[in-house]
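Please keep the sequence and the 3D view open while reading.

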Amino acid sequence: MSGYFKELISGTYSLAVGLGITIKYFTQPVVTMQYPMEHVKMTPRYRGHIELVRDEETGASKCIVCGMCQKSCPSGCITVAGKKPEGSKKKVLTTYRLDFTKCSLCGLCVESCKPGALDFSKDYNLASPRKEDYIFDLLKRLEEKS
Amino acid sequence: MSVFAESQTQETFVVNLGPQHPATHGVLRVKLTMDGEYIDRAEPILGYIHRMHEKNAEVGTWAQFMPNTGRMDYLHALAYNFGYSIAVERAAGIEVPERAEYIRVITCELNRISSHLLWFGAFVLDLGGFTPLLYAFDDREQLLDLLETVTGSRLTYCYYRFGGLYNDIDENFVDGSRAFIKRLRSRMPMYHNLVTKNIILMKRLIDIGPISAEMCRKYGATGPVLRGSGINFDVRKNEPYSVYPELDFDVPVYSECDCMARYMVRMDEIDQSMRIIEQALDKLPDGPIKPEKVPKLIKPPKGDYYAAVEAARGTFSIRLVSDGTNKPYRLKLRSPTFSNLSLYEEASKGMLLADALALMGSLDLVIPEIDR
Amino acid sequence: MSLAKVREALAALVAASQEELPPEEAIESVTEETPEAAAPEGEQAEEAAAPPPPLVDTNHAKKGFHLDVTVAPDQVVQAAEILDGEKYTIEAVTGVDWIKEEQMEVVYDYCDTADFSRVVIRARIPRATPELPTISRVFPGADWHERETHDFFGITFVGHPDLSPLLLPEDADYHPLLKDFTA
């Protein structure tokens with residue numbers, strides 16, 4: 001019988017302690033961010049979808065159309081095409097399409113890119129009800145950014 | 001005939017728990033045959049998010065499977081990265097630089113803490129307490145921010161590479177980890193005061209859901225479930241990998257076999273993980289994070305290889321069969337919760353439904369890992 | 001210590017199977033050799049001509065397990081009983097499809113949690129009739145693993161209480177991990 005009352009008292013005490021903790025937290029400042037009003041700044045290594053890097057000298061993409069990114073992609077979401085302009089030895093990028101619906105943001109393409117023509121963007125507010133909106137033409141994006 | 005008279009018969013009825021039910025943490029369905037409030041038979045039905053990772057592995061190269069490993073146990077993804085890296089490194093004979101090993105241990109243990117914190121919140125939520133979840137998420141959020149600064153992602157990490165890491169950590173991360181550990185240390189007593197010592201939680205967990213050591217052995221249960229049944233088995237100690245032998249930590253073992261024991265094992269593991277991280281940060285050597293020569297195309301010699309790591313839920317192991325080409329011939333993923341859940345049918349027999357949910361919570365299920 | 005005991009018992013088991021079936025063994029090796037002699041790849045033929053011994057002490061640091069035992073398909077239950085007697089736990093049951101050799105391999109991973117060691121038991125069965133006895137009576141935990149193996153490979157575990165699909169859809173009649181499976 002004494003055990004019963006002991007438990008009753010210690011149990012009530014434990015509840016009071018817990019309540020004390022929650023009351024203490026009630027008076028403390030808010031830790032959450034008010035999302036649509038405030039925005040989180042992405043860390044430098046944040047992996048968004050990939051984008052092409054501009055070559056500062058020429059103003060065009062650094063891509064040499066080697067196709068390594070396309071080969072390394074586990075989900076096959078990259079399509080690269082290029083052609084040799086007449087009189088030039090180097091290929092020039094003509095299409096760079098990313099099917100973002102399949103991309104798993106693993107970063108294997110960025111690692112495989114020797115000339116450093118790929119980088120992660122910091123976009124994270126991507127939302128659309130249409131699938132086609134996620135098939136990115138990265139070359140067009142690069143041109144639009146300039 | 002009145003309703004009461006009908007209930008006097010020995011009839012059982014079937015209740016579907018899930019696949020969309022908050023207590024099943026994902027899409028697990030449990031077909032319960034109930035005798036009143038008591039469970040006659042609980043049959044887990046799996047496969048709602050089966051993605052056939054093992055076949056996926058066979059179509060891509062060795063490196064291309066790495067992102068998939070982060071998508072099985074989404075709460076302790078780095079342990080899966082770790083297990084796969086170790087398996088392939090063992091098969092292909094790749095040496096890992098010491099700095100990379102230390103960083104792997106640090107990040108893996110940080111991830112383990114975040115996994116246990118989420119489990120803690122969700123488990124108490126299953127039992128009817130909402131507040132601890134928010135506190136646990138507050139801490140976990142800091143941890144995810146920290147891991148994001150090095151890995152670039154918040155949940156489905158793909159950070160380890162064969163022979164090393166994706167990129168190096170910096171001073172900010174080291175300082176941030178130390179600050180986080182200091183903060184979590186100061187908050188652990190609060191968690192214990194708020195939850196562990198709470199009379200309602202004690203009543204819901206003590207002597208509920210017994211899983212004996214023998215049952216664990218027969219079903220192959222591992223991790224906190226096994227250690228909550230009094231068996232001292234932790235892959236980090238018993239089959240040491242990476243730099244764990246150089247770090248001093250204890251394996252928490254409780255022999256009560258009930259839900260409380262499993263709860264306590266996980267809470268103590270958070271403390272031990274903090275100890276490991278602190279030591280690893282102190283010992284962190286300088287040097288490269290990738291070996292000087294990483295073969296571009298990995299072609300492990302013919303044969304099969306086995307590697308096991310201690311994930312937050314138990315022993316995660318990988319069996320590789322290589323035929324000497326650049327693609328895995330067969331890759332078996334042994335997920336801990338698959339075995340842990342298989343004992344649920346036997347363990348929950350004759351339990352009250354509410355208690356069986358406590359038992360399910362104490363198994364710490366992550367469904368994508370069971371279904372793979 | 002239990003590893004040594006298990007090794008002894010399993011060695012006896014393997015030896016018993018080889019004594020029992022000398023004619024069949026001889027026939028098998030003959031049938032295996034004839035197509036290999038015709039095969040152009042000399043290196044592969046050589047490797048296959050000398051099958052690995054049924055009981056191998058493996059280097060744990062290199063392979064990840066301590067003992068690798070190949071038993072006859074009807075001996076898997078006996079092997080499970082030996083390991084059960086030494087308090088081993090079942091880690092996984094899985095299959096490998098060796099399509100070139102017209103065989104399927106069933107692999108059982110056992111682990112001793114008290115005195116750490118890992119033992120692998122394998123059995124090879126013909127690919128056309130993949131059948132072998134269930135060990136779910138010895139280790140109830142093998143139940144789900146065997147069901148999963150049945151899902152993925154179509155291997156029938158004789159005596160298994162319920163081989164309905166576990167991870168695949170309930171009406172699935174395909175076995176995705178077979179090498180000749182196409183979606």
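Chain A and chain C do not touch each other, and their nearest C-alpha atoms lie 16 Å apart. The model described here is a predicted one. Two pairs of chains do touch, and of these the pair formed by chains B and C has the most contacts.

**Where chain A meets chain B**

- The contact between these chains draws on 18 residues from chain A and 20 residues from chain B.
- On the side of chain A that touches chain B, helix α1 of chain A, which covers residues 2–26, supplies the largest share, namely seven residues.
- Sorted by class, that side of chain A consists of nine nonpolar, seven polar and two charged residues.

**Chain B as a whole**

- The secondary structure of chain B is made up of 16 helices and eight strands.
- The radius of gyration of chain B is 21 Å, close to the 21 Å that the globule rule gives for 372 residues, and chain B is therefore as compact as a globular protein of that length.
- Of the 372 residues in chain B, 55% count as buried.
- When contacts in chain B between residues at least 6 apart in sequence are considered, 70% of them join residues that are at least 24 apart.

**Two helices of chain B in contact**

- Two packed helices are described by the angle between their axes together with the distance between those axes.
- In chain B, the axes of helix α4 (residues 77–92) and helix α5 (residues 98–126) come within 7 Å and cross at roughly 145°.
- From α4(B), the residues Ala77(B), Leu78(B), Ala79(B) and Phe82(B) take part, and they meet Arg104(B), Thr107(B), Cys108(B) and Asn111(B) of α5(B).
- The residues of this contact between α4(B) and α5(B) divide into five nonpolar, two polar and one charged.

**A hairpin in chain B**

- Strand β6 of chain B, running over residues 303–311, has eight of its nine residues buried, so this strand is largely enclosed by the rest of the structure.
- β6(B) pairs with strand β7 of chain B (residues 314–322) in the antiparallel sense, and the pairing extends over nine bridges.
- The link from β6(B) to β7(B) is a hairpin that passes through two residues.
- Within this part of chain B, Glu310(B) stands opposite Thr315(B), which lies in β7(B).

Key:
Residues are numbered from 1 along each chain as its sequence is written. Chains are lettered from A and ligands numbered from 1 in the order in which they are written. This is a predicted model: local features need pLDDT of at least 70, side-chain atom pairs count only at pLDDT 80 or more; totals for chains, interfaces and linings use all residues. Axes are lines fitted to C-alpha atoms, for helices over the stretch in contact, and angles run from 0 to 180 degrees between N-to-C directions. Helices (H or I, at least four residues) and strands (E, at least two) are DSSP runs, numbered from the N terminus. Two residues are in contact if their C-beta atoms, placed from the backbone, lie within 7 Å. Ala, Val, Leu, Ile, Met, Phe, Trp, Tyr, Cys and Pro count as nonpolar, Asp, Glu, Lys and Arg as charged, and the others, Gly among them, as polar. The radius of gyration is taken over C-alpha atoms; the globule rule is 2.2 Å times the number of residues to the power 0.38. A residue is buried if 20 or more other C-beta atoms lie within 10 Å of its own, exposed if 12 or fewer, and partly exposed in between; C-beta atoms are placed from the backbone. Two strands pair if DSSP finds at least two bridges between them.
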